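Subject: Structure handover

Hello,

Here is the structure for you to take over. My notes on it follow below.

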Amino acid sequence: MIETDIIIIGAGPVGLFTVFEAGLLKLKCHLIDSLAQPGGQCSEIYPKKPIYDIPGFPSVLAGDLIDNLMEQAAPFKPGFTLGEAATEIDKLEDGTFIVTTVKGTKHHAPIVMIAGGLGVFEPRKPPISNIEDYEDKGVEYIIKDPEFYKGKRCVIAGGGDSALDWSIYLTERNIASEVVLVHRNSSFRGHLDSVQKVIDLAGEGRIKLITEAEVD
Ligand SMILES: Cc1cc2nc3c(=O)[nH]c(=O)nc-3n(C[C@H](O)[C@H](O)[C@H](O)COP(=O)(O)OP(=O)(O)OC[C@H]3O[C@@H](n4cnc5c(N)ncnc54)[C@H](O)[C@@H]3O)c2cc1C
């Protein structure tokens with residue numbers, strides 16, 4: 001049984017910063033995450049993407065932000081159970097909790113904090129019948145290292161921040177030889193600033209924008 005003051009389910013940025021805040025109150029934390037490493041979406045989905053909306057950092061790579069959060073939490077010596085999803089919470093008669101993982105590891109504390117973000121990650125795949133045949137052979141759901149696309153022709157499908165950010169990044173840094181952004185609507189869901197940048201880059205002929213169309 002792992003004993004601690006606060007069990008945190010989810011070692012994403014929110015869970016990691018909780019360690020620091022709890023540490024200031026002299027409370028010790030133990031984090032549980034189904035991923036093999038801390039950092040949540042930042043480490044697993046976009047470690048090399050710059051983030052522009054962290055106060056005090058005009059730009060920081062998601063992976064570096066997680067390194068900083070780990071450094072900030074380190075003095076408070078958090079414990080980690082990684083690579084195990086938390087599947088059960090039991091409340092005991094004295095009001096404390098036991099959290100059990102899929103592998104049967106048990107954690108006991110008076111407080112449980114859920115910092116599970118969007119939950120355990122699964123890519124949302126487009127409904128293309130034979131898409132699995134092309135996975136890891138040109139079809140990717142996550143850009144982990146943009147340098148992998150150096151000199152390549154890239155088609156990005158989507159209309160949210162991720163699609164917009166990567167289209168801009170691969171174009172502005174001259175990484176991809178060509179960027180085509182395909183989106184099923186004529187308007188985008190991302191930040192207005194990113195939408196404007198994509199429209200400007202399309203106007204300069206640096207991004208090929210195809211809207212009201214789907215990849216199939
Ligand atoms: C491609 C992309 C780009 C983004 N860009 C930006 C940006 O530029 N700026 C910005 O502010 N935000 C951005 N975001 C959003 C940002 O990443 C999230 O808001 C942030 O990660 C949320 O942090 P979190 O700690 O709440 O959750 P998450 O990062 O989702 O972490 C939650 C963790 O909980 C774990 N977990 C969930 N359920 C369980 C369970 N039952 N047992 C064990 N572990 C569990 C998950 O494995 C995960 O590691 C982006 C997101 C994506 C996908």
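In which strand is the place of Asp90? Asp90 sits in strand S7, which covers residues 86–91. Please keep in mind throughout that this is a predicted model.

Asp90 counts as partly exposed, because its relative accessibility is 32% and the buried class ends under 20% while the exposed class starts over 50%. Once its neighbours within four places in sequence are left aside, Asp90 is in contact with Thr96, Phe97 and Ile98. Thr100 is ten residues from Asp90 along the chain, and the C-alpha atoms of Asp90 and Thr100 are separated by 8.4 Å.

Four strands form an open sheet in the order S6-S3-S2-S10, with parallel pairing. Its edge strands are S6 (79–82) and S10 (111–114), each of which pairs on one side only. From one strand to the next, the twist averages 20°. Within this sheet, S2 (residues 6–9) and S3 (residues 29–33) pair in the parallel sense over four bridges. Ile6 has Cys29 in S3 as its bridge partner. Helix H1 (residues 13–24) packs on the sheet and touches S2, S3, S6 and S10. The direction of H1 makes about 175° with that of S3.

Aromatic pairs

How many aromatic pairs does a search of the whole structure find? The search gives four. One of them joins Phe20 and Phe76 in an edge-to-face arrangement, at 5.8 Å centre to centre with 75° between the planes. Phe20 belongs to helix H1, whereas Phe76 is in the loop between helix H3 (62–73) and S6, so this pair ties together parts that are 56 residues apart in sequence. Phe76 counts as partly exposed, at 24% relative accessibility. Ring pairs also link Phe17, Phe20 and Phe76 into a cluster.

Another edge-to-face pair is formed by Phe148 and Tyr149, with 5.1 Å centre to centre and 85° between the planes. Is each of these two residues buried or partly exposed? Phe148 is partly exposed, with a relative accessible area of 46%. Tyr149 counts as buried, at 11% relative accessibility.

Helix H5

Helix H5 has twelve residues, 192–203. At 1.5 Å a residue they should span 16 Å, and the end C-alpha atoms are 16 Å apart, so the two values agree. Which residues of H5 are buried? They are Ser194, Val195, Val198 and Leu201. Seen down the axis of H5, these buried residues fall within an arc of 130°, and therefore they line one face of the helix. The background is that an α-helix has 3.6 residues a turn, so residues three or four places apart point the same way.

The buried residues of H5 pack against helix H4 (161–172), strand S12 (178–183) and strand S13 (207–211). Leu192, Asp193 and Gly203 are exposed on the other side of H5. Just after H5, Gly205 takes a positive phi of about 80°.

Regards

Conventions: Residues numbered from 1 in each chain as written. Predicted model: local features only at pLDDT ≥ 70, side-chain atom pairs only at ≥ 80, totals over all residues. Heavy atoms only, no water. Helix = DSSP H or I, 4+ residues; strand = E, 2+ residues; numbered from the N terminus. Expected span 1.5 Å × (residues − 1). Buried < 20%, exposed > 50% of the residue type's maximum accessible area, 1.4 Å probe, protein only. Arc of directions from axis to C-beta. Contact = heavy atoms within 4.5 Å. Pairing = 2+ DSSP bridges. Axes fitted to C-alpha atoms, helices over the stretch in contact; angles between N-to-C directions. Phe/Tyr/Trp six-rings, centres within 6.5 Å; stacked < 30°, edge-to-face > 60°.
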